[in-house]
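Please look over the model shown here together with its sequence. The briefing below takes up its charged pairs, its nonpolar core, its helix packing and a few loop residues.

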Amino acid sequence: MAERIERKLRESMTIEHFDIADTSGNCGSSFAVTIVSPDFAKKMTLARHKLVNQLLSDEISQLHAFSQKTLTPEQWAKEKGKA
């Protein structure tokens, strides 16, 4: 499922960084993703999440839980600088 999620997002968006973690203890029913994309520029968090949810509607319907962190490349650079 993780590969399917990543493939579907990469086919539909420009992605500069992508990370997915199985948060269900490796049973594949819960995932957390971090997506860095210039497509998120000038969009509020809710609009970003709605975009991702629409792209992954079939996949999300099969999961127990799905969480996402959506950032622009500029936000990602700032976040990495804090580490």
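The points that follow are grouped by topic.

This is a predicted model, in which local features need pLDDT of at least 70 and side-chain atom pairs count only at pLDDT 80 or more, while totals for chains, interfaces and linings use all residues. Residues are numbered from 1 along each chain as its sequence is written, and side-chain values use heavy atoms, with hydrogens and water left out.

**Confidence**

- The chain averages a pLDDT of 95, and 99% of the residues score at least 70, pLDDT being the predictor's confidence in each residue on a scale from 0 to 100.

**Salt bridges**

- Four salt bridges are found in a search of the whole structure, a salt bridge being a side-chain nitrogen of Lys or Arg within 4 Å of a carboxyl oxygen of Asp or Glu.
- Glutamate 59 and arginine 4 pair through their side chains, with an N to O distance of 3.0 Å; this pair links distant parts of the chain, since glutamate 59 belongs to helix α3 (residues 57–60) and arginine 4 to helix α1 (residues 2–12), 55 residues apart.
- Glutamate 59 also forms a salt bridge with lysine 8, where the closest N and O atoms are 3.3 Å apart, and here again distant parts of the chain are linked, with glutamate 59 in helix α3 and lysine 8 in helix α1, 51 residues apart.
- Glutamate 59 counts as buried at 2% relative accessibility, whereas arginine 4, at 33%, counts as partly exposed, as does lysine 8 at 23%; buried means under 20% relative accessible area, exposed over 50%, and partly exposed in between (1.4 Å probe, protein chains only).
- A further salt bridge joins lysine 69 to glutamate 79, with the closest N and O atoms 2.8 Å apart, and it connects strand β3 (residues 65–71), which holds lysine 69, to helix α4 (residues 73–82), which holds glutamate 79, the two residues being ten residues apart.
- Lysine 69 is partly exposed at 35% relative accessibility, and glutamate 79 is likewise partly exposed at 29%.
- Through shared partners, salt bridges join Arg4, Lys8 and Glu59 into one network.

**Nonpolar core**

- The largest nonpolar core has 14 residues, and those with the most contacts inside it are Ile5, Leu9, Phe18, Ile35, Val52 and Phe66; a nonpolar core is a set of buried Ala, Val, Leu, Ile, Met, Phe, Trp, Tyr and Cys residues joined through side-chain atoms within 4.5 Å.
- The elements that give two or more residues to this core are α1 and β2 (30–36).
- Phenylalanine 18, leaving aside its neighbours within four places in sequence, is in contact (heavy atoms within 4.5 Å) with Ile5, Glu6, Leu9, Arg10, Val33, Thr34 and Ile35.

- Ala2, Ile5 and Leu9 are the buried residues of α1, and they lie on the same side of the helix because they cover an arc of only 65° around the axis, the arc being that of the directions from the helix axis to the C-beta atoms.
- The buried residues of α1 are covered by elements that include β1 (17–22), β2, α2 (45–55) and α3, while the face of α1 turned away from its buried side carries the exposed residues Glu3 and Glu11.

**Loop residues**

- Threonine 72, in the loop between β3 and α4, counts as buried at 7% relative accessibility; apart from its neighbours within four places in sequence, threonine 72 is in contact with Val36, Ser37, Phe40, Ala41 and Arg48.
- Lysine 42, in the loop between β2 and α2, counts as exposed at 87% relative accessibility, and its C-alpha is 23 Å in space from that of serine 57, although the two are 15 residues apart in sequence.
- Most residues other than glycine have a negative phi, and most peptide bonds are trans.
- Lysine 42 has a positive phi, near 65°, in a residue other than glycine.
- Asparagine 26, which is not a glycine either, has a positive phi of about 70°; asparagine 26 is placed in the loop between β1 and β2 and counts as exposed at 68% relative accessibility.

Note on methods. Helix = DSSP H or I, 4+ residues; strand = E, 2+ residues; numbered from the N terminus.
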